[in-house]
Amino acid sequence: MPPLSVSIVIPAYNEQETIEACVLAALHQTSPAHEIIVVDNKSTDATAATVHALQATYPAAPIIYLQQSEFQALIPTRNYGLNHATGEILGRIDADSVLEPNWVEAVQKAFEDPKIMAATGPVIYYDMPLRRFGAIADDALRRALIKVTREFHLLFGSNMALRATAWHAIADEACLDPEDELHEDIDLSIHLAEHAFAVAYSSDMVTGMSARRLDDSPRDFYNYVMRFERTYDKHNVKSLTLR
């Protein structure tokens, strides 16, 4: 049986500094991606030009550039990419993510079990010291959280994949969040759980990401953390374990 086809969806807004490394890492995989879709959300910098240059440099590569210009928001941009993807598995990463070379292969392995509808994995913060040690700690923490939350596994937006059938089952239910108040990955996790879709965690499904969130002001960082509470409140999640 041939390996499952994996689309990689990358929402992007003014990511000229990171998008090239992101796309190149998605391109140079031990098992090739079915397609690499960059969804540009009204960027005003050189994001589009960078992606077009990559398409010209690698004309045989499945690099696709799309524009989502109706809304200035992450979730509609993410949804646009997922809706246009044609793979059996739909990966979703950030524009500053740098996938490990075996990421697609690890995703394919995670979905060999037909009961698995989504998967997520750990991260390496590539712009922090002691990166590999940090990756081990990140993996250990996420594994501990799985034991605590038991059957309810949370997706991580910078490093996740969904079976296409699962996405199409929840696409019309996922919150659009026009006020930008929620964690979009936690929202997806809740909708998957409502359908009793199994979510797997794979230690081999590793991506690098920036720790630039730590540069936020205390107010912005607090607002980011409180997105968890607002997401659970919106869905009337009462579980103290999850909170």
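Predicted model: local features only at pLDDT ≥ 70, side-chain atom pairs only at ≥ 80, totals over all residues.
Ala 196 lies in the loop between H7 and strand E9 (198–201). Its phi is near 60°, a positive value in a residue other than glycine. Ala 196 has a relative accessible area of 66% and is therefore exposed, the cut-off being over 50%.

## Strand E2 and its burial

Strand E2 covers residues 35–40, and six of its six residues are buried, so the strand is largely enclosed by the rest of the structure. In a regular strand, side chains alternate between the two faces of the sheet. For E2, one side carries Glu 35, Ile 37 and Val 39, the other carries Ile 36, Val 38 and Asp 40, and all of these are buried.

## Pairing and crossovers

What is the sense of the pairing between E1 and E2? Strand E1 (residues 6–12) pairs with E2 in the parallel sense, over six bridges. Within this pairing, Ile 10 has Val 38 of E2 as its bridge partner. Between E1 and E2 the chain passes through helix H1 (residues 19–27), giving a right-handed β-α-β crossover.

E2 is also joined to strand E3 (residues 63–67), by five bridges, and these two strands run parallel. Here the bridge partner of Val 39 is Leu 66 in E3.

The loop between E2 and H2 holds Lys 42. Lys 42 has a positive phi near 60° and is a residue other than glycine. Its relative accessible area of 35% makes Lys 42 partly exposed.

## The second largest pocket

Rolling a probe the size of a water molecule over the atoms shows where empty space is left. The second largest pocket holds about 160 Å³ of space. Its lining consists of Met 1, Pro 2, Pro 3, Leu 4, Glu 105, Gln 108, Lys 109, Phe 111, Glu 112 and Arg 163.

Which helix gives the largest share of this lining? Helix H4 (residues 103–110) does, with three residues. By residue class, the lining of the second largest pocket has five nonpolar, one polar and four charged residues.

Note on methods:
Residues numbered from 1 in each chain as written. Heavy atoms only, no water. 1 Å grid on protein atoms, 1.4 Å probe; cavity = no way out; pocket = protein on both sides within 12 Å on 5 of 7 lines; lining within 4 Å. Points joined across faces, edges and corners; volume = space filled by probe spheres on them. Helix = DSSP H or I, 4+ residues; strand = E, 2+ residues; numbered from the N terminus. Nonpolar A, V, L, I, M, F, W, Y, C, P; charged D, E, K, R; others polar. Buried < 20%, exposed > 50% of the residue type's maximum accessible area, 1.4 Å probe, protein only. Pairing = 2+ DSSP bridges. Right-handed = clockwise from strand over helix to strand, strands pointing away.
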